[in-house]
Amino acid sequence: MELIEIKNLSHSFGSHVVLKDLNLTVRDNEILGLIGVNGSGKSTFLRLISGVMTPDCGEVLYDGQSVGKGATRRKLFLLSDDPFFAEGTTADDLYALYKTFYPEIRRDVYDQLMALSALPHKKSLSKFSKGMRRQTFIALAFAIAPKFILLDEAFDGLDPIARARFKEYVRNAANNGSTIIISSHALRELEGFCDNYLILSDTRFASPEMVENKVNSFVKYQLAFEQTPTKEMFARLNLHKCEIVGRIATIIAEGSEDKIIMEIDALRPLMVDRLEIEPGEILLDTMKELVGGGVEL
Amino acid sequence: MTTEERYFRYHFRETLPRLAITIVLALIFCSDPLLDLGVGKYLFDFNYILYTASMMALCMPVFEFRMFNNRRNLDTWFSLPIDRWKLALVHLLTGVMHIAIVLAILFLFAVSYVGKNGGGAWGWLLLYYIVMVLLTSLSFGFFSFVFLQANSTGDGCLFIMDYAMLPTVFEAFFDRVSLNGGPVILGINGVISDVTQLFEDRILTYSSGGSWIWNSALTKAEPATFFFYLVLDVLICVGAIYLLFRSFNRRRSEKVEDVSDSWFGYRTLIPVIAVAMLQPVRNPTLVLLRLIMMYVAYIIYRRGVRLKHSDYIIMIIYGILLLLML
């Protein structure tokens, strides 16, 4: 059994409570998206669960072992939002440092990932752009291939190609047995990519029930009409999405299903088909409402 | 090989350029320590070794531990798979290795010079080297603890300077309160100085075949007093090193780069140094000057002109004490 267990985790900065009584179990081989506005405590949460910070109370266990022990941290890699490198450090120097702590790091994988992004090995990291530095650390993370990978604001500074490539690495790592927690304040980056999502808001996680209730408040129908329908026909519905192709309309609406059906009946459709909603289809709105303002879309 | 052994090898290799620079600087500094006694005998000035050792004990903590006074760095260092106390141990051992290597080179330098006198003091020289490495390492450990009480490199350097001068300040204070001289309080660097004096006398006496006149201040001091303070200072250093590991294990990365509010830092140092420097003043301007100096110290501590109530209370009490001495 390989998993992350977080029990009663709380942390404050002086009198300011950042995280309060958090409990969480992350399943094996899962990609977990951590979402919250800037300042909601995502980075603090990742620092706490990676052993960088010691929580005021609570514990963090990886496969049943405390993250406070150096040996436990051998299984994890934290990519912080602004990772360290000493002045004059090159990508090769960085590799040498990490090889000291992770002897199992694979040079061939590192070289391959560096080559894919056309990153130089001998140039000082201080002369790299933010995105290039990030890609260097990403190459390190996947060359180490630890059991647990914690990525803070991992998409920052990456161009669209690098983002796509990065998502592919993450998915491959999960397929190869890694568990990944990835934080972002940009919902669109995580939508449809993670297996599960955590919403950090007001010192706590939004409960799974809250997310489930919100998701269940949406319904999706496919409707066929005699004439080509228009969006205005559905004005009385609280529409989330409406796609019209010929005489077929596919809608996602929020609210009481009985009321929605009554409204649909009044439109006299030829055919009504209830469809299952994919989580990604309504994720953005659900998250945004639960997290509050300040989330980038 | 364990993680800490691998890291020690890595870190020591990374610090070799610094070690090379230290050796070159130490050799330049100690380039002319030989005095011709004029009777075919030479005097090697061991103060060169003493000053080098003392400087290393004061400066090395900054080089070895400043990386832990940067919040961004800690994200990496504290998430790496090594226990924090082992991380601190690697940096301490690297410092000790540097001290041992630099002093060994200076010791060989001394051997070559003392050899001009026909030898005869090799045992004392070897013993002197071992004792110097031990005491300098303890001093380095003590100042490393002091440095890590700060949350920034700047504050850490100030703390080291404060603690380096604290024994002198206290000595002056006790001289004032007790008119017959008062107790002699030796800081660890003072102990290193006296130990150097002790060995220098013996080495020179033996190597000069008796032509060197033993003229140490230690000969005039009570040996019991010297050894009391030697043991006391060694115990303080050992305690500081223990506290270093303890506090490093509990280091709160979120406080790094913030105000240094350790009880071993400004919080205690400002009032203690102020009181230790107390002496009767006759001029009210001096009272004002002292209070302004204390205020400036608190501004440095708090990193701004907005102080806490407790700071003002301490300054008021101190002001009253000074006024009573008018």
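How many residue pairs are in polar contact across the interface of chain A and chain B? The rule finds 15 of them, both residues at pLDDT 80 or more, a polar contact being a pair of N or O atoms within 3.5 Å, one able to donate a hydrogen and the other to accept it, with residues adjacent in sequence counted only if both atoms are side-chain atoms. The model is predicted, so local features need pLDDT of at least 70 and side-chain atom pairs 80 or more, while totals for chains, interfaces and linings use all residues. Residues are numbered from 1 along each chain, chains are lettered from A in the order written, and side-chain values use heavy atoms, without hydrogens and water.

On the side of chain A that touches chain B, α3(A) gives the most, with seven residues (helices are DSSP runs of H or I, at least four residues; strands are runs of E, at least two). Contact here (heavy atoms within 4.5 Å) links 30 residues of chain A with 20 of chain B. The two chains bury about 2200 Å² between them, 53% of it on carbon and sulfur atoms; this is the accessible area (1.4 Å probe) lost on being put together, summed over both. V52(A), F84(A) and F101(A) supply 31% of the area that chain A buries against chain B. Three salt bridges are counted between the chains (a Lys or Arg side-chain nitrogen within 4 Å of an Asp or Glu carboxyl oxygen), and D75(B) and R47(A) meet in a salt bridge at 2.6 Å, N to O.

Within chain A, an open sheet of four strands runs β2-β1-β4-β5 with antiparallel pairing (pairing takes at least two DSSP bridges). Strands β2 (16–26) and β5 (65–66) of chain A stand at the edges, each with a single partner strand, so one side of each lacks a neighbour in the sheet.
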